[in-house]
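I opened my notebook for this one and wrote down what I looked up, one topic at a time. Here is the structure first.

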Amino acid sequence: MKILVIVPAYNEECCIEGVIEDLRLYFPGGDILVVNDGSRDGTSDVAKCLNANVIDLPYNVGIGGAVQAGFLYAVHEGYDAAIQFDGDGQHHADQIEKILKPWQSDSADLVVGSRFLSEGGFTSSVQRRIGSKILSFVVSAVAGQKITDTTSGFRTYNRRTLEFFSTNYPEDYPEVEALILAHKKGLRITEVPSEIGPRTGGKSSITFTQAVYYMVKVMLAIFVDLLKKIE
């Protein structure tokens with residue numbers, strides 16, 4: 001079975017080497033694709049020096065566009081599944097086995113690694129935790145199942161889900177909306193416990209003001225998604 005690890009990265013020069021080395025140590029059976037989202041630093045050069053496959057987007061399109069580029073690549077190259085794995089060093093490759101198991105048993109089409117189902121580990125700010133609880137409540141109500149970590153960027157997608165999201169994926173902050181669209185498509189969603197850590201370098205691109213804007217935007221987007229016709 002061919003598995004692709006999609007690593008969206010924007011200005012992650014200080015982190016990307018550790019991410020690639022971690023993946024090769026704990027998940028040597030997967031192919032690595034770094035999607036360089038118009039970085040202004042040496043993210044692409046570092047990844048290429050480590051012989052990782054790299055897609056260089058001509059300008060910054062955001063996490064949604066970067067991940068979708070990975071989906072298109074996975075579909076075109078005939079991968080059976082893909083793992084989304086952030087390029088900031090917060091995810092740990094030794095957790096990949098957990099989010100692969102539901103796919104391997106064919107009990108889920110989309111598997112989400114949830115930090116809120118795992119005891120201990122890194123915790124985000126109070127504001128972010130409050131926002132996560134609000135989004136969890138809304139998405140769980142829409143999907144008719146409990147989803148604790150709607151913003152997790154650590155996910156496994158099977159072939160059917162890859163084909164769907166390669167042409168139907170939100171652009172800006174897509175993780176929450178993707179769950180709504182997957183539910184409307186009839187895809188099976190499940191969560192597994194997953195540990196994350198703090199960023200290994202750099203800083204988050206999301207400020208407090210942007211976080212508030214994000215919450216408002218996503219809440220509106222959810223209701224828009226509910227009106228969309230899914231083919």
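My entries below cover the cores, the rings, the cysteines and the charged pairs.

**Ground rules**

I am working with a predicted model, in which local features need pLDDT of at least 70 and side-chain atom pairs count only at pLDDT 80 or more, while totals for chains, interfaces and linings use all residues. Residues are numbered from 1 along each chain as its sequence is written, and side-chain values use heavy atoms, with hydrogens and water left out.

**Entry 1: the cores**

I began with the nonpolar cores, each a set of buried Ala, Val, Leu, Ile, Met, Phe, Trp, Tyr and Cys residues joined through side-chain atoms within 4.5 Å. For burial I used relative accessible area: under 20% is buried, over 50% is exposed, and partly exposed is in between (1.4 Å probe, protein chains only). The largest nonpolar core has 36 residues, and Phe-71 and Phe-165 have the most contacts inside it.

Which elements each supply at least two residues of this core? I noted β1 (3–9), β2 (31–36), α3 (63–76), β5 (110–114), α5 (126–143), α6 (159–165), α7 (174–185) and α8 (208–227). Of these, α7 gives the most, with six residues. The element names come from DSSP runs numbered from the N terminus: helices are H or I with at least four residues, strands are E with at least two.

Next I looked at Phe-165, which is buried with a relative accessible area of 1%. Leaving aside residues up to four places away in sequence, Phe-165 touches Gln-68, Phe-71, Tyr-157, Ala-178, Leu-181 and Ala-182; contact here means heavy atoms within 4.5 Å. There is also a second, separate core of 26 residues, with Ile-16, Phe-27, Val-34 and Val-111 among them.

**Entry 2: the rings**

I searched the whole structure for aromatic pairs and found eight. Rings of Phe, Tyr and Trp (its six-membered ring) pair if their centres lie within 6.5 Å; planes under 30 degrees apart are stacked, over 60 edge-to-face, and the rest tilted.

The rings of Phe-85 and Phe-154 have centres 5.8 Å apart and planes at 80°, so I logged the pair as edge-to-face. Phe-85 is in the loop between β4 (81–84) and α4 (96–104) and Phe-154 in the loop between α5 and β6 (155–158), so the pair ties together parts that are 69 residues apart in sequence. Both of these Phe residues are buried.

The pair of Phe-164 and Phe-165 is tilted, because the ring centres are 5.2 Å apart and the planes are at 40°. Phe-164 is buried as well, at 5% relative accessible area. I also noted a cluster in which ring pairs link Phe-71, Tyr-157, Phe-164, Phe-165 and Tyr-169.

Which residue lies over the face of Tyr-79? I found Lys-2 there, at 4.5 Å from the ring centre. The rule asks for NZ of Lys or CZ of Arg within 6 Å of the ring centre and within 35 degrees of the ring normal.

**Entry 3: the cysteines**

I counted zero disulfides, taking a disulfide as a pair of cysteine sulfur atoms within 2.5 Å. Cys-14 is exposed, with a relative accessible area of 52%, whereas Cys-15 is buried at 2%.

**Entry 4: the charged pairs**

My search of the whole structure gave six salt bridges, each a side-chain nitrogen of Lys or Arg within 4 Å of a carboxyl oxygen of Asp or Glu.

Arg-188 and Asp-109 meet in one of them (3.0 Å, N to O). Arg-188 is in the loop between α7 and β7 (189–193) and Asp-109 in the loop between α4 and β5, so the pair ties together parts that are 79 residues apart in sequence. Arg-188 is partly exposed at 33%, while Asp-109 is buried at 3%. Asp-106, Asp-109 and Arg-188 are linked in a network of salt bridges.

Asp-149 and Arg-115 form another salt bridge (2.7 Å, N to O). Asp-149 is in the loop between α5 and β6 and Arg-115 in the loop between β5 and α5, 34 residues apart. Asp-149 is buried, at 1% relative accessibility.

Asp-225 and Lys-228 also form a salt bridge, with the closest N and O atoms 3.1 Å apart. Asp-225 is buried at 0%, and Lys-228 is partly exposed at 39%.
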